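Good morning, and thank you for making time for this presentation. I would ask you to keep the sequence and the structure in view while I go through the main features.

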Amino acid sequence: MPDIGIISSTIVAGVLLGGILALTALGLSIVLGVMRLVNLAHGDFLVVGAYAGLFFLQFTGIDPLIGLPVVAVFVGMLALPVYSFLLAPLAGRGAEAQMMTMFAVSIILENAFVLAFSADTRSIARDYATVPLTLGPITFPLIYLIGFAISVTLILAVHWLVSATAFGRDLRASAVDAQAAATLGVDVKRVQMLTFALGAACAGVGGTLMGAAFQFGPSSGGAYLLNSLAVVVLGGLGNVIGTLIGGIALGALQSIGGLTLGDGYRDLVGMALFLLVLAFRPDGFLAKGRT
Amino acid sequence: MKHHIGKSLAAAAAATLALSIGVAFADDIVIGASLPLSGPLAGFGSFQQWGYKRAVDQVNRAGGIAINGAKQQVKLIIRDDKTDPNATASNTETLISRDRVVAMLGSCTPALVHAGALVSERAKKPMVTGCDPLEAFKSVRKWNYVWDLFFHEPELAAVPFKAMADLGVKTNKKLAIWHDNGPDGQVIGGKIWPALAKEFGYEVVQNSEFPIDNSQFTSVIAEAKSRGAEVVLVDAITPQAIAIRKQMASAGYMPKVLNIEKGAEPVQFAEALGKLSDGILVGGYWDPAFPYPGAADLAKAFESETKLTSSQHIADSYAAAQVLLDAITAAGSTDSEKINAAIAKTDKSYVVGPVKFDENHTAKLPIVSLQWQSGKAVIIWPKSAKTGDVLFPLP
Amino acid sequence: MSDAIVSSPRVGSASTGGLVEVAVLVGALGVLWFVPDFAGDYWLQLGFRTCVYLVLAQGWNLMAGSAGLVSLGTSSFIGLGAYAALGLLNRVGAPLPLALLICATAGGVLAALVSPALFRLRGLYFTVGTLALAELLRLLMVNVSAFGGATGIILQEDPPALPVLFRYVLVLAFLASLTITLCTRTRVSVILRAVRDDEDAAAQMGIRPYRVKLGAFVLASALAAMAGGIQAAKLGAIEPYGMFGLQWSIDVLSMVIIGGVGLRLGPLVGALFVVALGEALADYPEAHTAIAGVILIVLIRFAPQGIVGLAVKLPLIGRVQA
C-alpha cells in the first residue's frame, strides 16, 4: 500500500493534468456542440499547436508560454480556410461527409508533418517543465500547475464568451437548432466558422502545453483525439464548464486507476469510464442544459 | 439499374487493370521492402530506407551485379506500411506477386517484421532483416527463408549489470525495472533483468509493465522513489523514453543510474531532452566509433545527406541490404533458392561487425554501453571499445 | 444520415428484382470460384483484400444506409474475430470454416451485449460510443497478458494456401451480399428505412426500432468478426494495434462513402476503389497518405452519393434508363 504522500501527490497531479486535458478537449467539444461534427483532425490541430510552440521558441527565443497568444491566433487562422473551403460546402450533407473530410485532413496533416519536420519525437525543452514543486508531503510537476492555471483561465474566458456575449447567444442558438437560428437572423455559417477557429485556437494552446509537459511527434494526434473524446463525453457534448469538470474528473480517476492497477491501466480506466457514462448519463455528468 | 451496375463495375475493373502496367524492366534485379514511413514508427522507417537505398546505390554505381555473367542494375522498391502489420503483409504480397522481387528486406519491430516475414516465408522468397530482436524472431517459427541480424536480448539485458560491475559504481543495489509489454520488453524486463539482478546481487524493489504507447508514468515513478531505488532500468521506445525522463525530473526523482534500452538510442532522444539526457545509459549495437569497415563514414554520410541526426538503425539496415546484395552476387543468379543458400553462407565483416548466421537464421550483433554526455553518445563499456569515461552518478 | 440517398425501392417488382439479384450473385460466385485456376497470385491477393473489405462494407452499409447507425467501431469486431479465430485454430485445432462460424457468433454476441449501452445513444453519440468500444478493447488486449499483450498471438500451423483462402473469403463475401440482398429486397428494408428516417414515428407504426437496429448491428458485427477471423488466418500473426486499429473502421467508412451510402452497389464499388487506389498510390510511399486524403476530400465534395451515385447521373446512363 503506497503511503499517503504518494496517494495525495498522485491525485493532485491528476487533477492538475485533468485541467490541461480539459483545454485540449475544449475545441472538440464546442465544435461537436455547434456543428454536430466529430472532428477527427482535432488531435492533429493539437500537434500543430505543439510544433508551433516549439518553432516559436526556436526562431524567436521567446518562451512559448509568452508566445501562447501567437500560437492561438496562428492555429485559429489555419482553421478558417479548412472551414470555408472544406466543411461549409458540405453543410446539410449529414454527419459522415464532414467527419470523413476531417479524417482526410488529419491524414494529410500527419503526412505533411513527417515530410516537413521528420518523424522525430520532439519536446519543448524548458526548465520549468521538468521541475518538481513540493508542498509538505505533496510533490507534483510545476508544469502541471502552470498548465492548469492557463487552461482554467482560458476555459473560463470561453465560457464567458459563450454565456455572456452576443456571439455566444448566436452560438447557443445555432447549437440548439441551426435552422431555427437561421430563420431568426443568425448568420449560422459565420458562427460555425468562428466556433471552428476558436476550437482550433484552444487546441493550439493545449498542444503547446502538452508539448512542454510531455513529448510529441507527427502521429501523436490519434492518442490526443481519443483522450479528448473521453473528456468531452464525461463533460457532455458542447458543454464548456462540463468539459472542465470532465477533464478534471478524468485526470483524477485515471491517476487513481494508475495508482491501484498500474500506469498501463490509466487509459483503460478512462475508456471504461467513458463507456459507462455514455451508457448511463449520455449527456455527461452535468446532464442539465448545454451552454 | 442493371446498366449502371455494368458501368460502375467496368470503371472499377479498368482502374484496377491500369495498375498492372508499370512493372519493372525485365533486366533489373528487383528487391523490395515494406517500411513504416508513416505512423508511430515512421522514425525507424526513415533510417532504414536510407540504409537500404545507400547499399543498393553503391552496388549500382559500381556497375551492378553479374547475373549469369551479364551485369544488371538492382532496383529497390519501397512501400509504406503505415506502421500497420496488415499493410506490411499486403505490401509484401504485392511486391512478390506483382513486382516479382527476387528477395525482400525487412521492416522494423517484431510485429511488422513478422507480418512481412511470414508472407516471404510462405512464398519461398528470401528476406534479410534487422530491427527484430533475435529471441522474438526465433519464437515465431522455424524459418527457412528469413534471416535476422540484430542484437540478442539476453546480451543486451546483461550490459548494464556488467558495465556497473566493471566500472565499480557504488549504489544501494536497490533496482527498479520499468518495461513495456512488447515482445522484447517482456523478455528483457519481465524475465532476464530480474534473473540477472539476483545474480549480480541487486534487490528488485519494483517491476512495472506498461503498454508500449503509455504516456503517463507518475505512479511508477512515485513508487520507485518511495522505495529508494538508486538504479533504474527501463525498456521503452523513444517517445516513452522521453516522457519517462521528463516525468522523473518533474517528480524530483534522481536515481544514481538510469539505463533506458531501445528508446534512448537515437540522437532525437538527446535533442528532445537537452541536458536532461546527460548521464543516461543505453545499450547500443552500433556506433560510428566502431572499428568496422565504413562505420565512421556511414553516420557522416547520413547526417550530411539528410540533415537529420543519426541512429544505429542506419547501420543494421545498411548491413542487411549488403548481406542480401552480396548473396545475390555470390549466387550469380536471381533464383530464390540459390540466393537463400548464399545468404546461409554469409561470413564477412560488415559495418555492424562480423555477420554469420546460425542454425536459427540469426546473427548476433555485438553490444556496447553508451552514455549521453552533452548531447553526444560516448561508449563507456567495454574497455576495449571505450571512447570516454562514465559520468556517475546521474547528474 | 437521413440525407443519404437510397435507391428507391420499386415495391411492386421487389420480389422479381430480388430474384434477379440473387441470380447475379450466384452467377458471380460460380464464375469467380474458378479464378484461382487461371489467375496469378497477385490477382488472388487483390481479390482476397477486396472480398474482406466487401464483407465489412456490406455490413456497415446495412447499418448506416438502412438503419442510420454510423459506426466507428468496426475494428472491435475484426479484432474479436481475429483473436477468436487464432485461439480456436491454435488451442482446439478447429477447422477454419467452423472457427469462422464461431467468430460470427462471438461478434453477434458482443454486439448484443454492448447494444443496451450503445443504443441509448442516438446519432453522434452512437458513433463516439462505438469508437470508444474499439479503443477499450484494444487497450484491454494490450494490457491482458493472457491474450499475448502487445506481442499478440502467432498461428502455429501454416494457414491454408492462397487459392483455398480466396475461395473461403469469396464464399464469405457471397453470403454477406446474399444476406444483405434478402434484407433490402424484402419487407425488412421498409422497416429499416422507417427506423432510419424517424425512429419515433416508426415506433408509433408498431415497429420496434430497438429490435430492428439490434438486428442490423448484430448482423454487421457477425460479418466483421468473420472478416477479422479470415484475415487473421491469412496473416498468421496478430497483435492488438493491427487488429483493433482505427484504420479498419475508417477504411470501411471511406469505402461506403466513396461507393455511395445506402446504395446496393456502393460497398462493392467502394471496396474495389479503395483496393485499387491503395495499389496505385503505394508506388509513391512518401506522400501516398496525403494524396489519398485529397482524393477522399474531392470525392466527398463532388460525388455526394459516391461513385455509384455519380455513375447513375451520367447522361449516357440516364438516356438508356429513360
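I begin with a sheet in chain B. Six strands of this chain make up an open sheet, and their order is β4-β1-β5-β6-β7-β15, with parallel pairing. Which strands stand at the edges? They are β4, residues 74-80, and β15, residues 362-364, of chain B; each has a single partner strand, so one side of each lacks a neighbour in the sheet. On average, and with direction ignored, neighbouring strands of this sheet are turned by 20° against each other. Please bear in mind throughout that this is a predicted model.

Strand β7 of chain B, residues 146-150, pairs with β15(B) in the parallel sense, over three bridges. For one residue pair, B:Leu149 has B:Ala363 in β15(B) as its bridge partner.

Helix α2 of chain B, residues 42-61, lies across β1 (29-35), β4 and β5 (103-105) of chain B, and runs at about 170° to β4(B). Helix α3 of chain B, residues 85-97, likewise lies across β1, β4 and β5 of chain B, and here the angle of about 170° is to β1(B).

I turn next to another part of chain B. Strand β10 (residues 231-236) and β11(B) are paired in the parallel sense over six bridges. Within this pairing, B:Val232 stands opposite B:Leu258 in β11(B). Together, β10(B), α9(B) and β11(B) make a right-handed β-α-β unit. Is strand β11 of chain B, residues 257-262, buried or exposed? Six of its six residues are buried, so β11(B) is largely enclosed by the rest of the structure.

The axes of helix α4 (residues 74-92) and helix α6 (residues 124-143) of chain C come within 7 Å and cross at roughly 35°. The crossing of α4(C) past α6(C) is left-handed. From α4(C), the residues C:Ser75, C:Ser76 and C:Gly79 meet C:Leu133, C:Ala134, C:Leu137, C:Arg138 and C:Met141 in α6(C). This contact divides into four nonpolar residues, three polar and one charged.

One residue of chain B deserves a separate word. B:Gln186 is placed in helix α7 of chain B, residues 183-199. Why does B:Gln186 count as buried? It has 21 C-beta neighbours inside 10 Å, and the threshold for a buried residue is 20 or more. Apart from neighbours within four places in sequence, B:Gln186 is in contact with B:Asn181, C:Gly149 and C:Thr151.

I close with backbone geometry. Most residues other than glycine have a negative phi, and most peptide bonds are trans. Against that background, B:Asn68 has a positive phi of about 50° although it is not a glycine. B:Asn68 lies in the loop between β2 (65-67) and β3 (70-72) of chain B, and is exposed, with 8 other C-beta atoms within 10 Å. B:Ser374, also not a glycine, has a positive phi near 50°. This serine, B:Ser374, lies in the loop between β16 (368-373) and β17 of chain B, and counts as exposed with 10 C-beta neighbours inside 10 Å.

Two peptide bonds complete the account. The bond joining B:Trp381 and B:Pro382 is cis, with omega about -5°. The bond from B:Phe392 to B:Pro393 is cis as well, with omega near -5°. B:Pro382 is in the segment after β17 (376-381) of chain B, and B:Pro393 is placed in the segment after β17 of chain B too.

How values were computed:
Residues numbered from 1 in each chain as written. Chains lettered and ligands numbered in written order. Predicted model: local features only at pLDDT ≥ 70, side-chain atom pairs only at ≥ 80, totals over all residues. Pairing = 2+ DSSP bridges. Helix = DSSP H or I, 4+ residues; strand = E, 2+ residues; numbered from the N terminus. Axes fitted to C-alpha atoms, helices over the stretch in contact; angles between N-to-C directions. Contact = placed C-beta atoms within 7 Å. Left-handed = near helix turned anticlockwise from the far one by under 90°. Nonpolar A, V, L, I, M, F, W, Y, C, P; charged D, E, K, R; others polar. Buried ≥ 20, exposed ≤ 12 C-beta atoms within 10 Å, placed from the backbone. Right-handed = clockwise from strand over helix to strand, strands pointing away.
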